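Please keep the model open beside this note while reading. Each point is meant to be checked against the residues themselves.

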Amino acid sequence: MPTILGQNQYGKAENRVVKITRDGATHHIKDLNVSVALSGDMDEVHYSGSNANVLPTDTTKNTVYAFAKEYGIESAEQFGIHLARHFVTSQEPIHQARIRIEEYAWERIATSDANSKFIGADEVKHSFVRKGQETRVTEITYDGDKWQVISGLKDLVVMNSTNSEFWGYVKDKYTTLQEAYDRILATQVSGRWRFNWTDDEQRMPNWEKSYEQVRKHMLQAFAETYSLSLQQTLYQMGARIINNRSEIDEVRFSLPNKHHFLVDLEPFGLKNDNEVYFAADRPYGLIEATILRDGAEAHIPVDMTNL
């Protein structure tokens, strides 16, 4: 039975690049994990093994490091745009480039009040501690004409210790969960948002400011929503972003419900007045949804596992 080639792509995945910018004695760090995927006129390399149209993946790796020097890393998005444009415009067989980037944040270590020239404590501006709150991500896709930029974050753990309820749900013979009128609401946020910047004629967003503001509005919505369900909180988080950030048309969240169950302390003669909980890691409820600006179409994949 004859076969034909379907969708295909190739590139170098997970190129770890750390860029140090030295502003005198003050240093700045950008720490990225960059994956390149290229597609286009690649039929013959699959059918006959001809590499005539193949830019080696080792070359894509080298380009990542060279561009870190040549262009610097102003933001993950801007760096990905430089790379995608280069691969599509410099190689005729390549019709589309997809750049996925994870960014690992560092913050400066505050020095002591020793004010000692001997140890230099008052002069240290080059020491950092890795932030453990979240990983910033972005995916840039370019086909030589249109751009698609989807950014976001993952592994941001948040908790409300009150102002959350869960009751009035469907009950059948298998239901054992007790209704809760004051519970812990915790989740590990994985979120993506799609920018409405799609071509070079449009004004490009300020990527760094946009990320900071999206994160702020998302967290404020989580904290300020009196939650009757995690679904309600998710919607408020996405709506707050879209209502406050004109450059974003679509938001998608995947929120595992990190359950906290009250521990039964009665066998020990103790009353548990919403004070002691068992934090269960699995199984967990998984709440996912997309929030759109009115009139916009959804483009963020429903399954964000590899996004």
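This is a predicted model: local features need pLDDT of at least 70, side-chain atom pairs count only at pLDDT 80 or more; totals for chains, interfaces and linings use all residues.

1. Is Thr138 buried or exposed? Its relative accessibility is 4%, and because buried means under 20% relative accessible area, Thr138 counts as buried.

2. The surroundings of Thr138 can be described through its side chain, which makes a polar contact with the side chain of Ser151 at 2.9 Å and also reaches the backbone oxygen of Ile150 at 3.5 Å. When neighbours within four places in sequence are left aside, the residues in contact with Thr138 include Ala76, Glu77, Ile99, Arg100 and Ile101, as well as Val149, Ile150 and Ser151.

3. Glu77, one of those contacts of Thr138, also takes part in a salt bridge with Arg136, where the closest N and O atoms are 2.9 Å apart.

4. A second salt bridge joins Lys146 to Asp199, with 3.6 Å between the closest N and O atoms. Lys146 lies in the loop between β6 and β7, while Asp199 lies in the loop between β8 and α4 (207-224), so this pair ties together parts that are 53 residues apart in sequence. Lys146 is partly exposed, having a relative accessible area of 40%, whereas Asp199, at 17% relative accessibility, counts as buried.

5. How many salt bridges does a search of the whole structure find? The search finds 18, and one of them is formed by the side chains of Arg282 and Asp281, at 3.9 Å from N to O. Arg282 counts as exposed at 65% relative accessibility, and Asp281 is exposed as well, with a relative accessible area of 55%. Elsewhere, salt bridges that share partners join Lys30, Glu77, Glu103, Arg136 and Glu208 into one network.

6. The last point turns to the surface, where Trp167, Tyr181, Tyr226 and Leu228 form a nonpolar patch whose accessible area is about 440 Å² together.

Conventions: Residues are numbered from 1 along each chain as its sequence is written. Side-chain values use heavy atoms; hydrogens and water are left out. Patches are made of residues with over 30% relative accessible area and no salt bridge: like charges are joined within 9 Å, nonpolar side chains (Val, Leu, Ile, Met, Phe, Trp, Tyr) within 5 Å. Accessible areas come from the Shrake-Rupley method with a 1.4 Å probe; for residues, only the protein chains shown count as cover. A salt bridge is a side-chain nitrogen of Lys or Arg within 4 Å of a carboxyl oxygen of Asp or Glu. Buried means under 20% relative accessible area, exposed over 50%, partly exposed in between (1.4 Å probe, protein chains only). A polar contact is a pair of N or O atoms within 3.5 Å; within protein, one must be able to donate a hydrogen and the other to accept it, and residues adjacent in sequence count only if both atoms are side-chain atoms. Contact means heavy atoms within 4.5 Å. Helices (H or I, at least four residues) and strands (E, at least two) are DSSP runs, numbered from the N terminus.
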